Amino acid sequence: MNTTAHLWDYLPILIMAIVALGFVITVMALTHAVGPRRKNAVKDDPFECGIPVQGNARTPFSIKYFLVAILFVLFDVEVIFMYPWAVNFRELGVFGLWEMFAFMGLMIIGLVYIIRRGALKWE
Amino acid sequence: MELIPGVTTEHYLVLSLILFCLGIFGILYRRNAILMFMCVELMLNASNLALVAFSRMWGDTGGQVFVFFIMVVAAAEVAVGLAILMLLYRNMGTTQTDVLNKMKW
Amino acid sequence: MITEYLFWFLAFVSVFGGVATILSRNPVHSVLYLILTFFAIAGHYLLLNAQFLAAVHVIVYAGAIMVLFLYVIMMLNLNRLDAEKRTLIGKVTSAVSAGLLLLVMVGVARGGSEAGEAPAESIDAGLVENLGQVLYRDFLLPFEMASVLFLGAMVGAVFLSKKELNS
């Protein structure tokens, strides 16, 4: 199980990253070089459906999205805790299971609170 | 001590210190609470980098577990901190700290 | 040595991202530069053989925390900052104090360093198997405390946003 990790193990990932980045850069450079360029006030308008532009594109939105985002961050980090636990599941045995039960118990209390409070209600 | 060929612990320590002091500079320099908060994140990451370098230096996984817990604390801190900033903005209409000086002595 | 060049490149990117975060006038740009810094730091973690941490770092910081910051900046409509009133003396003071602190701490850090190589077993220290072993055996109490912290953060976030929810 104990495989020694070395830096050159990441060569495929590096190659993939270079290819992905290179593709994007080449295509963007190509479109800028080859494509026609017409710039005037009408072309640069955010909306081109005949109605005059009103206000800013970045208007404040509802706080409900924000609350969901916050709760996502918390549960995201919680799930990351489960990964090293799952890898070591056999070695940790029953003790590890109870450890995780205690951890998840408190998280579920939090989840119940969130639901009872109506924080996830979308009406 | 060479952590990876050609790079010593000192290199990583100095890099971590530079990032940490950049965070301090940002907190003193910016007047917006959100940006100051981002600088706090930068400082946390600087200390994380030093901890990982030490963990590599001693061959001790404990340092990386510390980093893991720091990330957890950062996530919890961001959740509550941004909710407070949000409330502050709703009540006061700004997050500029030079405007929010009611508790200034 | 390729790792040495990689280190210098990543160090440059992380410091550049940090400086740009602080000096950008547009807060959205600040967030994007900070994400760049975080990716560079994840690269450092990979160089230091902390693979699991590198993945977690990208997921938590770049994927979740900075998205939350972007949310807030867009929600508060901070397209451009209201002209920050910064006096010259304020700028100079902050730069000088941070610079002096850096000077002192670098001086301390450069003191006692030993020659030699990192122990060979430290190559495997960052593997998720070893990290799990340490995390769930030696760090049992902090692990359980983390769940209490999460509970507190959840209740706090919901409570602080509750007023808005009801209205």
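Because the model is predicted, local features need pLDDT of at least 70 and side-chain atom pairs count only at pLDDT 80 or more, while totals for chains, interfaces and linings use all residues. Residues are numbered from 1 along each chain as its sequence is written, and chains are lettered from A and ligands numbered from 1 in the order in which they are written.

Read from the N terminus on, the order of elements is α-α-α-α-α-α. Chain C has 167 residues, of which 38% count as buried; a residue is called buried if 20 or more other C-beta atoms, placed from the backbone, lie within 10 Å of its own. Among the contacts in chain C with a separation of 6 or more, 55% join residues 24 or more positions apart. Here, two residues are in contact if their C-beta atoms, placed from the backbone, lie within 7 Å.

The domain assignment, with bounds from an automatic or database source, divides chain C into domain 1 (1–80) and domain 2 (124–167). Five residues from domain 1 of chain C and five residues from domain 2 of chain C take part in their contact. The domain 1 side has three nonpolar, two polar and no charged residues. In this grouping, Ala, Val, Leu, Ile, Met, Phe, Trp, Tyr, Cys and Pro count as nonpolar, Asp, Glu, Lys and Arg as charged, and the others, Gly among them, as polar.

Next comes the meeting of chain C with chain B, which takes 70 residues from chain B and 76 residues from chain C. On the chain B side, two or more residues each come from strands E1 (2–4) and E2 (7–8) and from helices H1 (9–29), H2 (33–58) and H3 (62–92). H3(B) gives the most, with 23 residues. Sorted by class, this side of chain B has 47 nonpolar, 14 polar and nine charged residues.

Chain C also touches chain A, through 42 residues from chain C and 44 residues from chain A. On the chain C side, helices H3 (51–75), H5 (128–137) and H6 (140–166) each supply at least two residues, and H6(C) provides the largest share, 16 residues. This side of chain C divides into 28 nonpolar, nine polar and five charged residues.

Note on methods
Helices (H or I, at least four residues) and strands (E, at least two) are DSSP runs, numbered from the N terminus. A residue is buried if 20 or more other C-beta atoms lie within 10 Å of its own, exposed if 12 or fewer, and partly exposed in between; C-beta atoms are placed from the backbone.
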